[in-house]
Amino acid sequence: MIEKALKGNRSYWIWIAFLIAVIGIGLSAYNQQRWFGLTVTGMGRDISWGLYIAQFTFLVGVAASAVMVVLPYYLHHQKEFAKTVIIGEFMAVSATLMSMLFILADMGRPDRLLNIMLYPSPHSMVFWDLMVLSGYLVMNLVSSWAMLGAERKGAQPPAWVKPLVYLSIPWAFSVHTVTAFLYAGMPGRHLWLTAVLAPRFLASAFAAGTALLILVSLILKRTTGFDTGKEARAKLTVLAAYAGLANIFFLGTEFFTAFYSNVPAYKESLQYLFFGLDGNCQFVPLMWFSLISGVASIGVLLVPKLRNSTKWLVGACSALVLSIWIDKGVGLILGGFVPSPLQEIVEYTPTTTEICVTLGIWSIGILLLTLLLKVFVAVKMANEQ
Amino acid sequence: MMNEQRREFIKKTALGVFAGFGVASGLVPAFSLEKTVLPAWDEKPVPGKIRWGMLIDMRKCKEDCQQCAAVCHHVHNVPDFRNKKDEVKWMWKNPYQNVFPTASQQFVSKEIKDRSCLALCNHCAESPCTKACPTEATFKRWDGIVAMDYHRCIGCRFCMAACPYGSRSFNWQDPRMAIHDPVTTYPTREQGVVEKCNFCSDRLVKGQRPACTEACPEQALTFGDLNDPASDIRQLLETNATMQRKPELGTKPSVFYII
């Protein structure tokens, strides 16, 4: 089936070549990082995680959001999603791969990665995260590939696929819950030390992931002519809007608890991110941009007249993805480190090397997604003829 | 010809026999050629029996003296990059309100407000860093010391995020270039691993006190077993008002302060 990815038009190959070029740039930047150490990034003693861990957190959410099509299609027989469900699973595969690569890029000693397996430590959330992520990757790749293979032959999928898909549903929730637990169990990091973090992660994941899925389906329609259907997109739009609304609601509850209780430790990070702390306001414009674009895009998605226009839909979905990328990636991870345990405010700016590595990993994920979707569209188109 | 072969055979046999002795000697500890020194004060490792702790008397600590930190960093080959971003430190001084941000800050005397306090790893009894570590590269020893295995650390920096005291440093680059006066009694670290105060476990094993307590010209640092009611540190804790850093987090620090 994979040979179908080797046949494409000119623009397909230009796109592949472009991605490979960016991967090359990323690899050379990573080579520099391996040689000189993580000092080539903007991270330091006080802000010890940065762009990489932010991407990781965001992408685990995108991966988990596949459940937004898998669950209604397989458990509630919503036939509209028949053409979207495999796209969702393929997106989960590439997002999971990217998130794992971001962890690898962030490690000081990636050569010792297998130590996590050699000395399994159930008391550490990283151990569980690695387990659920690798399980989720395999589960989604195997089940979606088997489904597509069966479809190509016009046969029934093997009997083991269904149970695997059913297992992937609670697994998707666990993937993002465990990711939230990485942060939510740390004493002294008050932005993260909140029970609402896992629910908020799920809400923002379902909003951003679903919006991204709508965008991917529109790109497919534009580039290949393969349409997943207006009904599927309409349903996804509503799902994304309400998930986004839930995310804003959870953020609101965080604000209430922090500012009404007036406990300094709970207030300070939010204050730093949204209003500035002691004259330091590095992220204030970015956070307000995220909040306003988030609210505005949800508004657009909730109005039927606007969301039915492709232009508005693309704009709103892009704004929602960007808003959550800032809120969950940049704001949450960096804000968690400010103020430092010694009440210091340290600024963080990613370096060019760090940005190149990040773009390289994104390109690896997008390349994988492109190849998988190429096979998918080829199979679907052949069947339709 | 024959003789030469015989000589060679005898030579090799003798070598083999000696090698055999060498191996056998390792099997019987009493006859071993090389002895491992048991932990300090001839205590045998009984988990939880000893809990090393430190009491810092800030009243005695002189404002412009950093002798303890200087000696600590020297004997442990702690690099000095001379920039804040890559900084590696085991022991340092910070203003009172930074070291005790959750302690009372209102209407404190000028003397306390202006004072710099010593900060180091608290060797918490309930350590969040060892819990977060996915490889047990940082772990709790039988004597309460939170130790590091630099050869197992994968550099994920979860322990740094988990530590509520900012006591851990990461080697953002090769530390060996920044060790200006290296010692041979303690190993250097590699790029990409985390390090921190080890409560001088390297000196305790030789029966010595931690380097900082010896270095302090004012005797402001008292080191001892918190589980021993007769120890100096326990006597001081029982007769003075003392503080721990952020006790509300439940980490049970083993470093105490007299302010």
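Predicted model: local features only at pLDDT ≥ 70, side-chain atom pairs only at ≥ 80, totals over all residues.
**Figure 1. Helix α3(A) crossing helix α7(A).**
Two packed helices are described by the angle between their axes and the distance between the axes. Here the axes of α3 (residues 67-75) of chain A and α7(A) come within 10 Å and cross at roughly 140°. Axes are lines fitted to C-alpha atoms, for helices over the stretch in contact, and angles run from 0 to 180 degrees between N-to-C directions. Helices (H or I, at least four residues) and strands (E, at least two) are DSSP runs, numbered from the N terminus. The angle makes α3(A) and α7(A) oblique to each other; angles under 35 degrees count as roughly parallel, over 145 as roughly antiparallel, 65 to 115 as roughly perpendicular and the rest as oblique. As for the handedness, a crossing is left-handed if the near helix is turned anticlockwise from the far one by less than a right angle, and right-handed if clockwise. On the α3(A) side, look for V67(A), V70(A), L71(A) and Y74(A), which meet V165(A), Y166(A), S168(A), I169(A), A172(A) and F173(A) of α7(A). This contact has nine nonpolar residues, one polar and no charged. In this scheme Ala, Val, Leu, Ile, Met, Phe, Trp, Tyr, Cys and Pro count as nonpolar, Asp, Glu, Lys and Arg as charged, and the others, Gly among them, as polar.

**Figure 2. Helix α2(A) against helix α7(A).**
Next up is α2 (residues 51-64) of chain A, packing on α7 (residues 161-184) of chain A at an angle of about 165°, with the axes 9 Å apart. So α2(A) runs roughly antiparallel to α7(A). T57(A), V60(A), G61(A), A63(A) and A64(A) from α2(A) make the contact with A172(A), V175(A), H176(A) and T179(A) from α7(A). Residues are in contact if their C-beta atoms, placed from the backbone, lie within 7 Å. Sort the residues by class and you get five nonpolar, four polar and no charged. The crossing of α2(A) and α7(A) is left-handed.

**Figure 3. Helix α6(A) alongside helix α7(A).**
The axes of α6 (residues 125-153) of chain A and α7(A) come within 9 Å and cross at roughly 150°. That puts α6(A) roughly antiparallel to α7(A), and the crossing is left-handed. Their contact involves 20 nonpolar residues, six polar and one charged.

Y12(A) sits in helix α1 (residues 10-36) of chain A. Y12(A) is partly exposed because it has 15 C-beta neighbours inside 10 Å; a residue is buried if 20 or more other C-beta atoms lie within 10 Å of its own, exposed if 12 or fewer, and partly exposed in between, with C-beta atoms placed from the backbone. The other spot is the cis peptide bond from V338(A) to P339(A), with omega near -5°. P339(A) lies in the loop between α13 (310-335) and α14 (352-384) of chain A.

**Figure 4. Positive phi in two loops of chain B.**
R82(B) is not a glycine, yet its phi is positive, near 55°. R82(B) is in the loop between α2 (67-75) and β2 (91-95) of chain B, and counts as exposed, with 9 C-beta neighbours inside 10 Å. E136(B), also other than glycine, has a positive phi near 55° too. The loop between α5 and β4 (138-140) of chain B holds E136(B), which is partly exposed with 17 C-beta neighbours inside 10 Å.

**Figure 5. Where chain B touches chain A.**
In this view, 41 residues of chain B are in contact with 30 residues of chain A. α6(B) gives the largest share of chain B's side, four residues. By class, that side of chain B has 20 nonpolar, 11 polar and 10 charged residues.

Definitions and conventions. Residues numbered from 1 in each chain as written. Chains lettered and ligands numbered in written order. Contact = placed C-beta atoms within 7 Å.
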